[in-house]
Amino acid sequence: MDSRYLGRRLFAVGAHLLGSLAWRRLPASERAWLRDEALRTINSLASPMVPVNAEILLRLFDSGRLRLVTGAMKFEPSDGKFRVHGPEEFAADVVVNAVNPTAHAAPQQSEALVASLVESKSATVGEDGGLEARDERVGILGAFDSGTSFVAPSVQTLAVAAEAMAARLVSQQNRPV
């Protein structure tokens, strides 16, 4: 984020501003390679952690107050804490979910909504996953929009898209029927 290498900063900005436009023009085989082989590298370069947050996390890791756990399968309340079940079991005061969802994948809580949109033909599942709206009254934002790349959308990107969507919805409401 604060790299002295201008190319890295330009890549980060370009990935968010132009990534989806470029993504749509790539052959399916190249999109698959980027998604399957280069996802972590591209996301870390396009959306680096804010340095002050990285410093805080490093201090917490170094002090033993924070740790990463992979493979955790279950969390349950236990005596005012959480019992963590997985490759190892332990008690934790606080649990933070930092799982990165797969791009274009529906969160479990949204599966019924997605199914109903597809069933009603208001949306279709895109070639790379995600949804494509087929009804002008349906809007899809962020990484679940099948027309976007897998790069985690920036807050600015989402804000611009949300503003455009809101303007479109308002203009639809003001149209004579």
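Leu60 sits in helix α4 (residues 51-63); helices here are DSSP runs of H or I with at least four residues, strands are runs of E with at least two, and both are numbered from the N terminus. The model is a predicted one, in which local features need pLDDT of at least 70 and side-chain atom pairs count only at pLDDT 80 or more, while totals for chains, interfaces and linings use all residues. Residues are numbered from 1 along each chain as its sequence is written, and side-chain values use heavy atoms, with hydrogens and water left out.

With a relative accessible area of 24%, Leu60 is partly exposed. That label covers the range between buried (under 20% relative accessible area) and exposed (over 50%), worked out with a 1.4 Å probe and protein chains only. Once its neighbours within four places in sequence are set aside, Leu60 is in contact with Arg65 and Leu66, where contact means heavy atoms within 4.5 Å. Leu26 is another story: Leu60 and Leu26 are 34 residues apart in sequence and 41 Å apart in space, going from C-alpha to C-alpha.

Next come the strands. An open sheet is formed by 3 strands in the order β1-β2-β3, with antiparallel pairing; two strands pair if DSSP finds at least two bridges between them. Axes here are lines fitted to C-alpha atoms, for helices over the stretch in contact, and angles run from 0 to 180 degrees between N-to-C directions.

Zooming in on one pair, β1 and β2 (residues 81-85) run antiparallel to each other over 5 bridges. Phe75 stands opposite Val84 in β2, and Pro77 has Phe82 of β2 as its bridge partner. The hairpin of β1 and β2 has 2 residues between the strands. Asp79, found in the loop between β1 and β2, has a phi near 55°, a positive value in a residue other than glycine. Asp79 also counts as exposed, at 80% relative accessibility.

Apart from neighbours within four places in sequence, His85 is in contact with Ala72, Met73, Lys74 and Glu76.

Lys121 is another residue with a positive phi, about 65°, although it is not a glycine. Lys121 lies in the loop between α5 (111-119) and β4 (123-125). The relative accessible area of Lys121 is 65%, so this lysine is exposed.

Now for the helices and the cores. Two packed helices are described by the angle between their axes and the distance between the axes. The axes of α1 and α3 come within 8 Å and cross at roughly 105°. That makes α1 roughly perpendicular to α3, because angles of 65 to 115 degrees get that label, whereas those under 35 count as roughly parallel, those over 145 as roughly antiparallel and the rest as oblique. On the α1 side the contact is made by Phe11, Ala12, Ala15 and His16, and on the α3 side by Ile42, Leu45 and Ala46.

Which residues make up the largest nonpolar core? There are 8 of them: Ala15, Trp23, Leu34, Ala38, Ile42, Ala46, Phe150 and Val151. Two or more residues of this core come from each of α1 (6-25) and α3 (39-46). A second, separate core has 7 residues, among them Leu117, Ala123, Val138 and Phe144. A nonpolar core is a set of buried Ala, Val, Leu, Ile, Met, Phe, Trp, Tyr and Cys residues joined through side-chain atoms within 4.5 Å.

Last up is Ser146, in the loop between β5 (131-133) and α6 (155-173). Ser146 has a relative accessibility of 9%, so this serine counts as buried. Its side chain makes a polar contact with the side chain of Glu132, at 3.4 Å. A polar contact is a pair of N or O atoms within 3.5 Å; within protein, one must be able to donate a hydrogen and the other to accept it, and residues adjacent in sequence count only if both atoms are side-chain atoms.
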